[in-house]
Amino acid sequence: MAIVTQLADGRWLNAFYFKPLKGGFWRRDSILPTVATALALCIIGVILAREVARPLNELATSAEAIGRGEAVQLSEGAGPTEIRRLKQAFNSMQLRLTRYIEDRTRMLAAIGHDLRTPLTTLRLRAEFLPDDEAREKILVTISEMEAMTAATLDFAKSDASGEATRLMDLGALVGSLCEDLAELGHDVTFEDDGKLTCRCRPDGLKRAVRNLVENAVRYAGHARVSLHAPETLIEIIVDDDGPGIPHDQIEQVFLPFYRLESSRNAGTGGVGLGLSIARTIARQHGGDVLIAAKKRGLTAKIVLPRSHSASA
């Protein structure tokens, strides 16, 4: 300690005093302030880290929702400059993706719609052909093309319907579909694995399941449908004992208009869009459609992610 003061006669008094401290730095009177300061800094650091992590968690949750086909709009008003720029980029990316999908869907619908006129013209002209055999073959080909066009247009319309995503009881959804098919005379059984909820677009998911079940009924005569929930996934399994699919063609059957049935008869093999549509719908939900060949028959599986809200 130092004291410097001016006396009455104008002289200066300089006094210095010191006392050696025993025990070094880590003394009782220094540990308490140090610990208190460290705790205060830790609390401030945790608060700041949570403020930075909160918008990042929001961004991760929104990205997961987009993967399931949901529309998410992030607020850009709060947070540091870098976080706001990240949210703006995220919203812009989502807008561009939505526009791209809508443009592609509109183009597909327009092509399917515009093909109807020339096909109708071809059918009218074919009716006046004098050769009965040639006329019949041409009409069969035109009918097949019309079926493909109708299926494509129907898929494009359903894809552009903008159905809202909501939390559904998956057992009730799939069970009602199986009951409807059973009432129509199809051999379809359903096994539920307890109450499972899932964020989905019900009409689209129902269509995907229907396509798999109808494929099993068409080629095997029956279908066994079940629900399972391993860990964070939900599986909709369609099992049959039919002729199955060769291993080297398992991925090819998902191609549009690809058919294993070589007669090209729409009554026995469809138009080849069922599995393609089912996989597209599943992937729009953030999942997929998987096919596995068995010793006898086939197992088709729709795998969906289980959202956090649904799990809770």
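This report describes a sheet, a histidine within it, and the helices around them in a predicted model.

## The five-strand sheet

Five strands form an open sheet in the order β4-β6-β7-β9-β8, and their pairing is mixed. At the edges are β4, covering 187-191, and β8, covering 288-293, each of which pairs on one side only. On average, and with direction ignored, neighbouring strands of the sheet are turned by 20° against each other.

Within this sheet, strand β6 (residues 222-228) pairs with strand β7 (residues 233-240). The two run in the antiparallel sense, and five bridges link them. H228 has E235 of β7 standing opposite.

## H222 in strand β6

H222 is found in strand β6. Is this residue H222 buried or exposed? The relative accessible area of H222 is 17%. Buried means under 20%, so H222 counts as buried.

Two polar pairings involve the side chain of H222. A polar atom of that side chain lies 3.2 Å from the backbone oxygen of A220. The side chains of H222 and R224 are joined by a polar contact of 3.5 Å.

Further along the sequence, with neighbours within four places left aside, the residues in contact with H222 are D187, A216, V217, D240 and D241. Of these contacts of H222, D187 belongs to the range given for edge strand β4, and D240 to the range given for β7.

Which residues of α8 are buried? They are L275, S276, I277, A278, R279, I281 and A282. After α8 comes G286, with a positive phi near 85°.

## Helices α5 and α6

Helix α5 spans residues 170-183 and helix α6 spans residues 202-220. They pack with their axes 10 Å apart, at an angle of about 45°. Because of that angle, α5 is oblique to α6. Their crossing is right-handed.

Which residues make the contact between α5 and α6? From α5 come L170, L173, V174, S176, L177, D180 and L181. From α6 come P202, L205, K206, V209, R210, V213 and E214. The range of α6 also takes in A216 and V217, which are in contact with H222, and A220, whose backbone oxygen lies 3.2 Å from a polar atom of the H222 side chain.

Definitions and conventions: Residues are numbered from 1 along each chain as its sequence is written. This is a predicted model: local features need pLDDT of at least 70, side-chain atom pairs count only at pLDDT 80 or more; totals for chains, interfaces and linings use all residues. Side-chain values use heavy atoms; hydrogens and water are left out. Two strands pair if DSSP finds at least two bridges between them. Helices (H or I, at least four residues) and strands (E, at least two) are DSSP runs, numbered from the N terminus. Axes are lines fitted to C-alpha atoms, for helices over the stretch in contact, and angles run from 0 to 180 degrees between N-to-C directions. Buried means under 20% relative accessible area, exposed over 50%, partly exposed in between (1.4 Å probe, protein chains only). A polar contact is a pair of N or O atoms within 3.5 Å; within protein, one must be able to donate a hydrogen and the other to accept it, and residues adjacent in sequence count only if both atoms are side-chain atoms. Contact means heavy atoms within 4.5 Å. Angles under 35 degrees count as roughly parallel, over 145 as roughly antiparallel, 65 to 115 as roughly perpendicular and the rest as oblique. A crossing is left-handed if the near helix is turned anticlockwise from the far one by less than a right angle, and right-handed if clockwise.
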